[in-house]
Amino acid sequence: MVFGFFKKKEAEPEDDDDIEPVSFLGPTNGQEVNLKAHAKLVEAGLVRAKDLVTDALAQRADGLKIEPKGQLNTVTIYIDGIPQSGGRLSKAEGLAVTQVMKLVAGLDPKQRTAPQSGGIKAEFESKKYVLMVSSTPVPDGERLMIRINDQAIKLENATELGMGEEMRLKLKSLTNSPGVVLVTGPPGSGVTTTMYGVLRNVDAYIHNVFTMIDSGGRTLFHVSTYDDPVQGEDLEGSLTRLARREANCVLVEPIRSAEVAKPVFAKADSLMIISEMTAKDTASAVQALVQQVGDPALVAEHLRAIVQPKLLRRLCQACRLAYRPKPDFLKKLGLPETLKTLYRVPPIPEDAKDHEPCPKCSDVGYLGRVAMFEMLEVTPAIKEIIAAGADPAALRAQMKKEKATTLQADGLRLVAEGVTALEELQRVFKPA
Ligand SMILES: [Zn+2]
């Protein structure tokens, strides 16, 4: 069953049969899932769950959300981050699908009052995927979010993410010695992917690199997993042991509280520590950090940089349309006036009868995603502002003065390189 998304032609009512449904190959945490012990639940929800995921994968979606709305459940499919309706499910179906997906992800289907997250290894049309599943209690039940990582589409290192060479090299040099490098942004803005990009950018040939968190199915070369914590050992204890084992660089859990922030900064004199934290922007992240650590001078001393990604859609390289921008238009944008060519989505011809849709993007005009980045580097002047309490307005003013790379400026770089269109840049900066 396809949930009303494909524009079906009358002549091919049975086209579902051509699609082999997705295979679930087990949770990413390596646990065995006992489907037999949950036979009733499996019978009620597994086929429907597979249909929904298969439908999403067939449309190369990167996300799928199921949430209760009154007596129904709505399904939302995200394609390159853009939400689209994926139909509705009855309350019973929605519940069964949600519980079965939790089960297959190695989570506890009975636990419905606390948030849970896990992952499923999956295969569809001979391609491997990782489905990151999270459930969140909401007033009408539970919201299920499935993020789809296509293991074949590489958005793994900094360059693939779209990071400019100058910033990439700067980060490489900043991660060469002890200190703290963080990636920040609102949820869903590419923070975790960027954090792994920063980790992969560390020179692993000269440094001993460790991770203390589940990599969510990512392959990490030259990175050891710290998997032998002593019973009851806290984060500071683990970091001390890692430093003794001659670790240089450690990826730690997201900084959400003082319990993580304090030990990270306490050990940052002997380790390069990489982590992520949720914040509106880089300056707000520094302020939150100072509050959590409770010692502005310590943050000022050890923080090296905070990077913020923002995702936008990549123009389809097969059908993007070149145009010549007017020099005064470029000047207004702050782009070099010597730039000869920009690219945009081609218009669909009005007489569409003989029009063949683009074989790559089906005339969406965009294919895949890319990120632009802001970077707050802790320069001597920034250090002073942090030590004085990290006022976000003062940090922003100083970044401007030092011509730090901002999201807008970095986005324009991607426009100038023809990676994305000006229209897309305007769309992502439009207030929601
Ligand atoms: Zn195209």
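Reply:
**A loop residue and its setting**

E246 counts as exposed because its relative accessibility is 58%; exposed means over 50% relative accessible area, buried under 20% and partly exposed in between, with a 1.4 Å probe and protein chains only. The model is predicted, so local features need pLDDT of at least 70 and side-chain atom pairs count only at pLDDT 80 or more, while totals for chains, interfaces and linings use all residues. Residues are numbered from 1 along each chain as its sequence is written, and side-chain values use heavy atoms, with hydrogens and water left out.

E246 is placed in the loop that joins helix 6 (235-244) to strand 11 (249-251). Helices (H or I, at least four residues) and strands (E, at least two) are DSSP runs, numbered from the N terminus. Although E246 is not a glycine, its phi is positive, at about 65°. Most residues other than glycine have a negative phi.

A390 is not a glycine either, yet its phi is positive at about 60°. Its loop runs between helix 11 (380-387) and helix 12 (392-401). Here the relative accessibility is 0%, and A390 therefore counts as buried.

Helix 13 (residues 407-416) is mostly covered, with seven of its ten residues buried. These are L407, D410, G411, L412, R413, L414 and V415. Their cover includes strand 13, helix 10 (327-333), strand 15 (342-344), strand 16 and helix 14 (422-429), where contact means heavy atoms within 4.5 Å.

Helix 4 (residues 165-174) has M167, R168, L171 and L174 as its buried residues. They lie on the same side of helix 4 because they cover an arc of only 125° around the axis, the arc being that of the directions from the helix axis to the C-beta atoms. Among the elements that cover them are helix 3 (158-161), strand 8 (179-185) and helix 5 (191-201).

For the protein as a whole, the secondary structure comprises 14 helices and 16 strands. Of its 432 residues, 47% count as buried. Among contacts with a separation of 6 or more, 64% join residues 24 or more positions apart.
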